[in-house]
Amino acid sequence: MKLEYTEEQRAFRAEVRGWMEANVPPAPLESFDRTRAGFEAHRAWEHKLNEGRWGMVTWPEALGGRGLDLIRWLIFEEEYYRAGAPTRVNQNGIFLLGPTMMEFGTEEQKARFLPRMAAGEDIWAQAWSEPGAGSDLAGVRATATRDGDEYVLNGQKIWSSRAVFADWAFGLFRAPGSERHKGMVLVLFPLDAPGVTRRSIARMDGELVFAEIFLDDVRVPVANRLGDEGQGWHVCMATAGFERGLLLRSPARYQVAAAKLAALYETHKAHLPASIGERVAQGWMDAEAYALAIYAMCSRLNAGGKIGPESSTNKIVWSELDILLTQTAMDILGDRAELMPQAPDAGEAGDWLADYVFALAGPIYAGSNEIQRNIIAERMLGLPKG
Amino acid sequence: MEFAFTEDQQAMTEAARKMLVESCTPAGMRVMLEKNEALDAARWAAITEMGLPGMLAPEAAGGLGLGLSDFIAIAEAAGYAGLPEPLVELAGVVVPLLARFEDDRGWLERIVAGGIVAIGHPVNPFVANADVAAALLMGDGEDIHLVEANAVTLTRQESFDPFRRLFRVEWTPRAATRIGTGWNLTAERGAVVAAAQMIGLGQRCIDMAVAYAKERYQFGKPIGSYQAVKHLLATAQVKIEFARPVVYAAAAELALGTLPARARAAHAKIAAGEAAELAARTAVQVFGAMGMTWEVDLHFFLKRALALKFAWGGSATHRATITARIESLPIGPAATFAAELTVHAPEAKFQGMK
């Protein structure tokens, strides 16, 4: 138990901080979910990160990383968020597919995909959910039919974040005639392949945050399969562990939000009831608790442990924390809270509104919180399946 | 940076946990109540034999010379066991306080040998388990006195928790009983070890409810197979999972004594208290009407959790410390750990601002 950084870790923090101060764009980039220009601006930022070898610091050097452990990754993330750097447009690639490929990919696949991913050359989307298969993901119907050295993909995917402008997707398919958890494959396919049609879905605030993907006899080489044939479900669950449990939502994100909330409260508190101050303090405490739990988890993983069902507890905590923080900010902003970012007098209110709308999705994506509670009850507590 | 217990710490905790849980059963507690016993002599002998009371005492006094991080998971295990004896306050609060004084009048050695000293800290109106103590640490302003049991008058104040035997203590400060000045971090230490016990107590309540939910059938199925029941228990478990690291961090950071360290102790107390209370209340709900009865053992753990939630400073005290921490020192990423704020005070008040 040693809750202080080593001199090397402090020096690493200083290095990240210095680079971020010199390179983070002074003004926020345009949303990557609105226009191609905004998306490409974020891709350019990924290129720049990669030039500094910050694409994904935990990956081996040969694959575009720095070969660092998870404590350094946390330090990197803290400095990244502290600097107000742009949201990672490739988060589905680097945080979900990347670690999964590290575990299940062949050496050829790693060399082919990961350096380009770290560099932002390929921006990735996830193609798992279907209109009839959301929480019940084992109900996917899209098929991958083996034809010699190729798979022929057919079906419909939905709720694919970033897929409107992304380059590649990793999709969950099944062998024709297979059922439930058996016969599944995880297949990587280019989003501009013949037979792929994308249709954007507007979120309630107009942002094009996700897309439907229609696959009509899309042919991809068998070399694009990640993991063994029939192992798709197993591979997906490993990805889901990273998504829910650790990489997708690092604590720094919420610690920054909690600090911003405290600053917002500070400027308005003369006119607010004490109960608001308690919620602000609660937000800070919850963000700290999440950070401490993740430091403990990373210490355990560094020592060779594996992510287990605690990824589900983490997911519940970060999603509910995000709602607490943004909802409290809205209550502080009061009658300005409804202003859209483009309203002339919106000021910071517009940002909090956007954050609140995003937070509403937290308990839904990456596996709904109801599903997470089932997982906790069945796998941590050992309660019987319903 | 390593937020994990060492193998030695894990081994010692496991040994203590096994002994405490096996020797301390609800059936045994019921026998103690019938006999109006405050202490199980055989168990206390085993606890002493294992060296638990003196874990934090200096080796010169026969102790193990360890720190709060070494003891914190054992305090949690004592909570899990619902231990009636005052091991946690003795080993976690009394011993470190006595160890600060030049002359402990031989009491550390006596504690190592099985003697009990109770503590009357000003933050608590009554003294817990004073009737089994051979001496009491009492405060007179900032002066701290060590008073032998025969020099005080005890008036029992019945607690909801039958094993927290509370007493109003009447005593007279004398020059000869004064052993030092300054409580230092005693209240915070009391809060942290109470928090650890509450984590254990909350987990015990959940475990009992889970076991019941597996065997209680309604509508032809175990009630634990219904999502409404699963989600109640999962929500309570999540609260415990995210209070526990705060408690461990509080134990590791407390000795720094700085505002961030004290705020962590406050946070630990608040978070563990809320988690334990939710777990206990959830367990009552899962047990249904049976959960309200004297017959089901759940109440032993619920009562301790509830009592400890208010001991060593309630929510108002601890929330004030949190507010002071947020308002006067950097918050945000890179401002998480107390050691970093002491040694490398960052520049901006609100870190992480664009």
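Tutor: Helices (H or I, at least four residues) and strands (E, at least two) are DSSP runs, numbered from the N terminus. The model is predicted; local features need pLDDT of at least 70, side-chain atom pairs count only at pLDDT 80 or more, and totals for chains, interfaces and linings use all residues. Residues are numbered from 1 along each chain as its sequence is written, while chains are lettered from A and ligands numbered from 1 in the order in which they are written.

Student: Why is H10(B) called largely enclosed?

Tutor: Buried means 20 or more other C-beta atoms within 10 Å of a residue's own; exposed means 12 or fewer, partly exposed in between, with C-beta atoms placed from the backbone. In H10(B), 10 of the 13 residues are buried, so the rest of the structure largely encloses this helix. Among them are B:Phe300 and B:Arg304.

Student: Which residues of H3(B) are buried, and what makes them one face?

Tutor: B:Arg43, B:Trp44 and B:Ile47 are buried. They fall within an arc of 100° seen down the axis, so they line one face of H3(B). The arc is that of the directions from the helix axis to the C-beta atoms. On the other side, B:Ala41, B:Ala42, B:Ala45 and B:Glu49 are exposed.
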